[in-house]
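This report concerns a strand, its neighbours in the sheet and a pair of helices. The sequence and structure are shown below.

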Amino acid sequence: MNTIKNTPLALVTGASRGIGRAIAEALAGAGYDLVLTCSRTLPELSGLANSLEEKYGIHCTAQMADASDPVAMVQLFASLDHLDVLVNNAGISYIGLLTDMSIEEWQNVINTNLSSCFYTSRLAIPLMLQKHSGRIINISSMWGTVGASCEVAYSAAKSGLNGLTRALAKELAPSNIQVNAIACGVIDTVMNDLLDAEEKAALAEEIPAGRFGTPEEVALLAWQLANAPAYFTGQILGMDGGYI
């Protein structure tokens, strides 16, 4: 796969919709070949891959590979001979009281939002070391910074992801591999579809920017991180419209 090593290659997890889809489009528009993953929605992801290939003339592979499954990640990376950018975007939420949360639900949130980034990063680093360069971009959340009531597992996972980002950035800086994260605020994606129109309007009023962010805005920042100066690493960039 993607054997022409002077062609930049990016891997985006959870890319079939929302933020991941927008990031894939931004990177394709910048000339990156892509490997895109999803855990369930392969037809939707394959449609995106075909569209990006036709629109931008890049090579795009769609794979159903659950980022929370370490075996699936090993199988995915076995097909790669190099990698320039890793975007850890796959994520799920759980809204409810901690006491109502099952152990399985807790583990699912932690595995998908945090452990997955360990699985992918440990496999991506050897590929990046081949070229003594690379970018790891983690999609985090403002709740990883301040925490959210009734989203304890999600907040804990994203807080852990922020710590992983800072620590791994220090570890990889001597190898010229940059690690940064985007701490998203309220972004207009299906993750917020649990809210009705009235609830969304009330929430938007709490945000100083007066609206939800868009996936395309997050994608623009991700693209900028992929092209940021090499000295820029270990940062958690808040993108929340001034919410926190």
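## Pairing of β5 with β6

In this predicted model, strand β5 and strand β6 (residues 177-184) run parallel and are joined by eight bridges. Within this pairing, Ile137 stands opposite Asn180 of β6.

## Pairing of β5 with β4

Strand β4 (residues 85-88) also pairs with β5 in the parallel sense, over four bridges. Here Leu86 has Ile136 of β5 as its bridge partner.

## Burial of β5

In a regular strand, side chains alternate between the two faces of the sheet. In β5, Gly134, Ile136, Asn138 and Ser140 point one way, while Arg135, Ile137, Ile139 and Ser141 point the other way. The residues pointing either way are all buried. Because eight of the eight residues of β5 (residues 134-141) are buried, the strand is largely enclosed by the rest of the structure.

## Packing of α4 and α6

Helix α4 packs with helix α6 (residues 152-172) at an angle of about 15°, and their axes are 8 Å apart. Angles under 35 degrees count as roughly parallel, so α4 is roughly parallel to α6. The crossing of the two helices is right-handed.

Residues of α4 that meet α6 include Trp106, Ile110, Leu114, Phe118 and Ile125. On the α6 side, the residues in contact include Val152, Tyr154, Lys158, Leu161, Leu164, Leu168 and Leu172. Cys117 and Ser121 of α4 and Gly160 of α6 are also among the residues at this contact.

Methods
Residues are numbered from 1 along each chain as its sequence is written. This is a predicted model: local features need pLDDT of at least 70, side-chain atom pairs count only at pLDDT 80 or more; totals for chains, interfaces and linings use all residues. Side-chain values use heavy atoms; hydrogens and water are left out. Buried means under 20% relative accessible area, exposed over 50%, partly exposed in between (1.4 Å probe, protein chains only). Two strands pair if DSSP finds at least two bridges between them. Axes are lines fitted to C-alpha atoms, for helices over the stretch in contact, and angles run from 0 to 180 degrees between N-to-C directions. Angles under 35 degrees count as roughly parallel, over 145 as roughly antiparallel, 65 to 115 as roughly perpendicular and the rest as oblique. A crossing is left-handed if the near helix is turned anticlockwise from the far one by less than a right angle, and right-handed if clockwise. Contact means heavy atoms within 4.5 Å.
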